[in-house]
Amino acid sequence: MKPEDFLPLTVEEREGAEILRPSKTYWADAWLRLKNDRAAMIGLYVILIVIILAVFGPVFSRYEYDGMDFNVSNDPPSLTHWFGCDMFGRDLFVRVMYGARISLSVGFIASFISLFIGVIYGGISGYLGGRWDNVMMRVVDVIYSVPAMIYVILLMVVLGAGLKSIFITMGISYWAPMARMVRAEVLRIKNEEFVTAARAAGASPSRILFRHIIPNAMGAVIVTLTFSVPGAIFTEAFLSFVGLGVSAPMASWGVLSSDAVPAMAVYPWQLFFPAGAISITILAFNFLGDGLRDALDPKLRK
Amino acid sequence: MLKVEGLTKYFETPSGRIHSVDGVSFTINKGETLGLVGESGCGKSTTARTIIRLYEPDAGKIIFNGHDITHITQREMLTFRKKIQMIFQDPYASLNPRMTAGEIIREPMTIHKIPKDEHSSRVNHLLKLVGLNSEQAGRYPHEFSGGQRQRIGIARALAAEPELIICDEPVSALDVSIQAQIVNMLEDLQKSLGLTYLFIAHDLSMVKHISTRIAVMYLGSVVEIAQSDELYNRPLHPYTVSLLSSVPIPDPEKATQKHIIPLKGEIPSAINPPSGCKFHTRCPKAKPECRSVSPKLEDKGNGHFCACPFA
């Protein structure tokens, strides 16, 4: 052995000597972690199945969601009608799938509207900080302190029942928690040293916000979004249940449950299937949200 | 190249005003390294961050290449930011985890409008310069070790072709074997690129190794500035004397002969700094007049400045 053997390799020599593992992006890494979380994956698959059934199910079904056949009214589940039929002889299976369209689109669209408002509002509030932050967050506190359901019901009464008003109402009522969460994230990230480094390099405020702060807040935003979708689905179900939701012959899971309640004791399956669909979907979103939170948490990454 | 005069930065907190930087003055000449040492919380980092206007100075002047940059707008500051870059202490926190190494190094080039077609070749060149290879440009910070991350931080600081680099404890978060690599690399880069450094540290042997001159800070004020060898061989200020006596000596025989001068008490609060000479509460040579007279930096000959009239 010679002393020369202990000299570090030059960059050129090292080029071939190093074994590099394939580079992984943050998202690829998170996906890897999520894949190992069984509950989250079950949740993800359930959601995917529900989405596929909602989109394609009614197309391939022999029955129409509004096709009535009084010969089979209130029939129990059978091979021809998997979930049975309602009092007008409409096939419940196709109606539950059709209801999934309404319920899921309400869940997603309402969540995205609240995401949009929440991220902008919370982002500005957190980024400006100081007095602006104080004022903007007190507004959120006021909105938050009144139960969202009250706004929703009042707005629904003003705007009239219907799908569009459900989107608008829920979007503007449910952004407050998203805004709070985004603000907290922005406040945290704003003080990270890489933001200071960007400022020292001369980055403009918009560059700092869009290149440094928001990409780092996305993980938490996605998790909050995943939890807010089932919330919106549930609210829609509740609204439809009390008669403020979509109107016949359209069907959401809430409408189906509501229709089934009067005859609950005689035809329990009419309630069981739509209510089951609500529960399973909400549960699946919660499982997925939990898994995503663990997979995206930067604290676990070091 | 850089001249700081009476720089002052206070922070208002609910419990009072923190005198973080209190009338700091020094100059840095082109091509040299000024080491800035002192205990934690003495205002080293705040001084550095105020110089590059991450904090707005409350008083004093910052003059860079003859331009007064103390109160210019952030927009006007942009041209100077190109010339003054910074290396941060914590290589884990100072790189954006959602950007690849290449994107991180490219960012100052985009900000300072270096032509886009040069970016890729410059990123590769910079990676080589700091001892990484160009394939690593597509990787994310969490895929690198601490030392490699600090190299990325250095490449980022070099990206806009600065003249002055402020190194804010660039090696204190790394382990000792890596520290030497990084410090040697900084020295090589200084020689090949003609850089000037303001090197902040609390490790005295490290500072001695890299610095041309050294400034010692205590509680927001500079108490002594001298050439590096001069300061080590002939420390004048009682604080510097005590600080140097605390440096461990690798040779056990010499170490036993060494006389450590322990300081009594704790660092006083920067909210209520002591009157007069701030060091009088802990100074072994304190005299009654030290309580009232606040000493100025005096020339003790040989470019050696000390803020103690009795030294």
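Which residues does Val216(B) touch, not counting residues up to four places away in sequence? The views below start from that question. This is a predicted model, where local features need pLDDT of at least 70, side-chain atom pairs count only at pLDDT 80 or more, and totals for chains, interfaces and linings use all residues. Residues are numbered from 1 along each chain as its sequence is written, while chains are lettered from A and ligands numbered from 1 in the order in which they are written.

**View 1. The surroundings of Val216(B).** Leaving out residues up to four places away in sequence, Val216(B) touches Val37(B), Gly38(B), Val222(B), Val223(B), Glu224(B), His237(B), Tyr239(B), Thr240(B) and Leu243(B). Touching, or being in contact, means that two C-beta atoms, placed from the backbone, lie within 7 Å.

**View 2. The largest nonpolar core.** Here we have 158 residues, and Val216(B) turns up again with Ile166(B), Leu198(B) and Phe199(B) as those with the most contacts inside the core. Helix 4 (residues 92–128) of chain A gives the most to this core, with 16 residues. A nonpolar core is a set of buried Ala, Val, Leu, Ile, Met, Phe, Trp, Tyr and Cys residues joined through C-beta atoms within 7 Å. Buried means 20 or more other C-beta atoms within 10 Å of a residue's own, placed from the backbone. Helices (H or I, at least four residues) and strands (E, at least two) are DSSP runs, numbered from the N terminus.

**View 3. Strand 6 and strand 7 of chain B, side by side.** Strand 6 pairs with strand 7 (residues 164–168) in the parallel sense over four bridges; pairing takes at least two bridges found by DSSP. Met86(B) sits opposite Ile166(B) of strand 7. From strand 6 (residues 84–87), Ile84(B) and Met86(B) point one way, Gln85(B) and Ile87(B) the other way, and all are buried.

**View 4. Helix 1 of chain B.** Eight of the eight residues in this helix (residues 44–51) are buried, including Lys44(B), Arg49(B) and Ile51(B). After the helix comes Arg53(B), with a positive phi near 60 degrees.

**View 5. Where chain A meets chain B.** The contact takes 23 residues from chain A and 27 residues from chain B. On the chain A side, helix 1 (11–17), helix 9 (193–201) and helix 10 (205–241) each give two or more residues, and helix 9 has the largest share, eight residues. Chain A itself has twelve helices and zero strands, and buried residues make up 41% of its 302 residues.

Technical notes:
Buried ≥ 20, exposed ≤ 12 C-beta atoms within 10 Å, placed from the backbone.
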